[in-house]
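Thank you all for coming; I would like to take a few minutes to walk through one structure. Please have a look at it first, and then I will go through some of its local features.

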Amino acid sequence: MTYHPKSDFMRVMMERGFLADCTDYQGLDEALVKGVVPTYIGYDATAKSLHVGHLLNIMMLRWLQKTGHKPITLMGGGTTKVGDPSFRADERPLLTPAQIDDNIAGMKQVFARYLTYGDGPADAVMLNNAEWLDNLNYLDFLRDIGRHFSVNRMLSFESVKSRLDREQSLSFLEFNYMILQAYDFLELHRRYGCLLQMGGSDQWGNIVNGIDLTRRVLDQEIFGLTSPLLTTSDGRKMGKSASGAIWLNADMLSPYEFWQFWRNTTDADVGRFLKLYTELPVEECDRLGALEGAEINDAKIVLANEVTKLAHGAEAAAAAEATAFEVFAKGGVGDDLPTLYVSAAEAADGVSLAQLFVRSGLAKSGKDAKRLIAEGGARVNDEPALDAGQMFGAGDLADPVKLTAGKKRHALVVLG
């Protein structure tokens with residue numbers, strides 16, 4: 001695409017690799033030049049924290065605010081009760097209103113670190129679509145909104161088609177989700193003057209639905225912009241690691257483990273991730289990404305530090321780097337490692353080495369731990385672990401025990 005943007009926001013999106021598609025490049029660009037563009041991204045409250053898979057579009061909202069526009073973080077208090085079927089093989093488990101509110105409270109903590117909330121023209125606002133969805137009258141909704149949707153067209157969207165092609169059940173409840181999301185965009189425009197919806201490229205169909213609906217009901221022109229669905233260069237989905245989701249809340253994943261995730265980035269991804277997940281100048285990202293050999297490890301430390309600073313603060317980033325230095329460079333035990341506490345009662349009976357690996361999160365199951373140990377991938381206090389059945393009692397745990405899986409994953413076991 002050869003479009004040359006006039007607005008700062010579109011220029012950043014294109015230069016740094018955030019842009020997959022846009023419904024009207026020129027129209028959106030002109031709106032961004034003309035004045036403040038309120039922009040929303042929706043988040044269903046399915047967990048107590050957001051994870052690294054959400055970080056790309058959180059960074060988009062951050063850049064939006066830095067370039068003078070207004071982010072709207074829309075919490076799906078209403079839509080979470082239905083569940084987004086996009087590219088899922090099964091229906092989401094339904095949550096209670098109390099669970100949804102609890103999840104929203106946890107997610108708020110993440111947004112507050114990336115965005116400035118307040119009453120100013122470009123200050124972020126957090127809204128909840130339960131505000132307009134909870135009290136909808138079903139018959140009025142069908143008559144006023146439902147008539148604008150063609151089932152033929154809805155069936156053609158890739159997110160629905162892929163589920164039906166695999167002959168997997170798609171409930172009527174979930175089928176309604178795309179209508180509700182389209183209605184969100186209409187209501188946000190009507191109530192808050194929202195002009196732009198952003199999301200991952202899997203949301204394209206839902207975004208276009210909202211734009212069409214708003215044009216038909218209000219005769220207003222609004223816009224959609226999507227980011228690429230990121231996979232790492234080795235084909236894995238961004239935001240997942242061997243031990244599970246990379247959460248953005250410190251009480252669900254320690255800042256040290258978060259830092260380590262970025263430090264372990266594949267060489268080929270470093271330059272791209274620096275552009276997407278940090279605010280370093282593009283030229284510096286390109287320079288660091290082009291380093292080779294041992295020098296690329298310095299670039300990975302810059303990446304880990306910069307991303308951790310944004311997520312957890314400068315102190316947490318410095319502490320994580322110091323712990324990594326202790327663990328890797330000096331072979332010691334850092335203060336910030338993930339820690340498993342074993343009670344005195346458990347220690348009296350003894351705990352097997354395989355169980356310590358499972359409970360510390362370094363192995364998924366006893367079978368996984370035994371395989372790791374048998375294949376020579378496990379260490380205890382930097383010495384090879386030989387016996388999965390070795391028992392650890394109170395005497396063995398009098399001093400902290402350091403466990404290592406592979407070359408880069410560590411945990412402490414402490415009596416307490």
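What we have here is a predicted model, in which local features need pLDDT of at least 70 and side-chain atom pairs count only at pLDDT 80 or more, while totals for chains, interfaces and linings use all residues. Residues are numbered from 1 along each chain as its sequence is written, and side-chain values use heavy atoms, with hydrogens and water left out.

Let me begin with helix α8, residues 158-165, where helices are DSSP runs of H or I with at least four residues, strands are runs of E with at least two, and both are numbered from the N terminus. Ser159, Val160, Ser162 and Arg163 are buried in this helix, buried meaning under 20% relative accessible area, exposed over 50% and partly exposed in between, with a 1.4 Å probe and protein chains only. Down the axis of α8, its buried residues fall within an arc of 165°, so they line one face of the helix; the arc is taken from the directions from the helix axis to the C-beta atoms.

After α8 comes Glu167, which has a positive phi near 55°. Most residues other than glycine have a negative phi. Asp219 also has a positive phi, near 55°, and this residue sits in the loop between α11 (204-218) and β6 (223-227), where Asp219 is exposed at 66% relative accessible area.

Finally, Tyr138 belongs to helix α6, and with 46% relative accessibility Tyr138 is partly exposed.
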